[in-house]
Amino acid sequence: MKKPQDILTAPHEELEAIQLEGIKKTVIKCYENVPFYHKLYDEAGFDPYAIESLDDLAKAPFTTKQDLRDNYPFKMFAVPQEDVREIHMSSGTTGIATVGGYTEHDLDIWGDCFARGVWYADGGPKDVMHVCYGYGLFTGGLGAHYGGVKAGCTTIPMSAGNTERQIRVLREMGSTILCCTPSYAMYLADTAIAMGLDPKKDFHLRVGIHGAEAFSDNFRAELEKKLGYKVLDVYGLTETMGPGVAIECMEQNGLHLAEDHFYAEIIDPKTGEVLPEGEWGELVLTTIDREATPVVRYRTRDITRIIPGECACGRTHRRIDRLHGRTDDMLIIRGVNVFPSQIEDVMKTFPQVSSWYQIELTRRNHLDVVTLKVEPNPDFDFDEVRAIEQLQRDISDRLKSALSVGLRVRIVEPKSIPRSEGKAVRVIDSRGDDQ
Amino acid sequence: MIKQVTVFLENTKGRLAALTRALADANVNMEALTIAETSDYGLVRIICDKPVEAVAALDGAGFRAITTEVIAVVVPNRPGGLADLLEKLDALDLNIEYGYCFSAKAGEAVDVLKVSDPTRAVKAIEDAGFELAK
């Protein structure tokens, strides 16, 4: 009998045929039903009826987040309202929110895409999935939920918050799969440990499917050590669906794209040229069978690459590498490009400080000033001012050689950096306040 | 050698008051409190009757506190009392990381010192006829 997992090992030519067929339909549907695309293609002289190969897609103009904002709330919808079953919205922290719509079919493929994370972990009806992404307009909660249900897991819709109750449920309901942001997983682990528990023994987790924010390999290793499970990175964005666009398998060596639902290109973010396989650049996504809000060549601003070659797990869907930051949360400090993940990697080489950090950007006399706030660990002997200054200097020196830019390091009181129950606020940029 | 409590404190409003209240709630009585301050943070050093309980209470209240072994010496409360003591240590090439002084009784003061080589320092101080506070 055919199983939904069969597509994961289909020959790649078969996937390409699905992609070409789907892209042709998507582009025409966008042109005929979404005024934005009609105008865009007419003005660019792009013929939506002339796509003959996957390479032809590169002739189509890009879609940006700004385009989606400009068409808020429903002008990007390609189906009538009566076919839309659900709405989600991006957080909108950097401007007007962007809206995603889902038909019944769209919800079904969403569940299917996220369920792959469970299947990669050989999971299914024997698993209990604890979902503490926020439920609501944010795609994390319901996306993971639909995935859990689709894979046959007993799915617990915890949503975010009330950490002590989360810990009680993790202990008492025997959850085996944890879905939340990586920073919240760390917060759960640390809180449980502070309550005198050993999450490795007192919880029953075997897999965590964590996404919505970037995390380093070191951060992953620390999570796995504390919770005694395996962490799989999940990627997605409201503009194309939500979490599940790509998920890691147990090899933890790149995230398998759901290539039967999304077509990925990597471009040079400056020139817009498509880059050869294996090169780092900006991920551009086209939905293949999305009905309500299809997008063609959507610029994600996420920096990754297609990993060349086949995965040891035997699945044929190509992998994207773990994100190397975003083009828009990349920090430009005195002209130097800095990714927060680079800072985190340096910090983790210092056992005296914990993994919580915050970067503050200010401007003094028109010069960028970067302050990295870190919290001391309990075993750090800070009795002398000299010891604190020395540690600050050592961290700062190592950052300087890793990033080629000077940062001021400040040790701050434990627990003074806010813990997030959603996305961690790692960077506070108040450079615009400079006079 | 006695146990001093050291607390890492950010320079924010009300933090020191909260610290002393946390100690009061734990029924800790302080003999001395001194602050080494920088522009961003301060190190609060406390001599009290129950240092271990004090650290536990501060930890519970969200502070980062540790105990540190320091030397407490009784010196006569007169001009030159401290100079006599420090010259003995200087003669042995012992570095003083920090020090502070508080008066316990009318006729004598107690000096608290963090010294680079405490074992040698204690011996030198005792050989010189000074009394160590317990």
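In the predicted model, Met89(A) stands opposite Val99(A) of strand S2 of chain A. Strand S1 (residues 86–89) of chain A and S2(A) pair in the antiparallel sense over four bridges; two strands are taken to pair if DSSP finds at least two bridges between them. Strands (E, at least two residues) and helices (H or I, at least four) are DSSP runs, numbered from the N terminus. From S2(A) (residues 99–102), Val99(A) and Gly101(A) point one way and Gly100(A) and Tyr102(A) the other way, and all are buried. Buried denotes under 20% relative accessible area, exposed over 50% and partly exposed in between, with a 1.4 Å probe and protein chains only. The model is a predicted one, in which local features need pLDDT of at least 70 and side-chain atom pairs count only at pLDDT 80 or more, whereas totals for chains, interfaces and linings use all residues. Residues are numbered from 1 along each chain as its sequence is written, chains are lettered from A and ligands numbered from 1 in the order in which they are written, and side-chain values use heavy atoms, without hydrogens and water.

Nine strands of chain A form an open sheet with mixed pairing, in the order S4-S3-S5-S6-S7-S8-S9-S14-S13. Strand S4 (154–157) and strand S13 (306–307) of chain A each have a single partner strand, so one side of each is left without a neighbour in the sheet. Helix H5 (residues 139–150) of chain A packs on this sheet and touches strand S3 (128–131), S4, strand S5 (177–180) and strand S8 (242–248) of chain A, contact meaning heavy atoms within 4.5 Å. The direction of H5(A) makes about 175° with that of S3(A). Axes are lines fitted to C-alpha atoms, for helices over the stretch in contact, and angles run from 0 to 180 degrees between N-to-C directions. Helix H7 (residues 182–194) of chain A also packs on the sheet, where S5 and strand S6 (207–211) of chain A are touched, at about 120° to the direction of S5(A).

H7(A) has 13 residues and spans 18 Å from its first C-alpha to its last, close to the 18 Å expected at 1.5 Å a residue. The expected span is 1.5 Å times one less than the number of residues. Buried residues of H7(A) include Pro182(A), Tyr184(A), Met186(A) and Leu188(A). The buried residues of the helix pack against H6, S5, helix H8 (199–202), S6, helix H9 (217–227) and strand S17 (353–364) of chain A. Gly196(A), whose phi is positive, near 90°, follows H7(A).

Ser159(A) is located in the loop between S4 and helix H6 (163–172) of chain A. A polar atom of the Ser159(A) side chain lies 3.0 Å from the backbone nitrogen of Tyr135(A). Residues touched by Ser159(A), not counting those up to four places away in sequence, include Val131(A), Cys132(A) and Gln166(A).

A three-stranded open sheet of chain A has the order S10-S11-S12 and antiparallel pairing. Strand S10 (262–267) and strand S12 (298–304) are its edge strands, and the twist averages 35° from one strand to the next. Six bridges join S10(A) to strand S11 (residues 281–287) of chain A, with Val284(A) as the bridge partner of Glu265(A).

Chain A and chain B bury about 1,700 Å² between them, 51% of it on carbon and sulfur atoms. Buried area is the accessible area (1.4 Å probe) that two parts lose on being put together, summed over both. Phe382(A), Asp383(A) and Glu413(A) supply 41% of the area that chain A buries against chain B, more than any other three residues.

Notes: A polar contact is a pair of N or O atoms within 3.5 Å; within protein, one must be able to donate a hydrogen and the other to accept it, and residues adjacent in sequence count only if both atoms are side-chain atoms.
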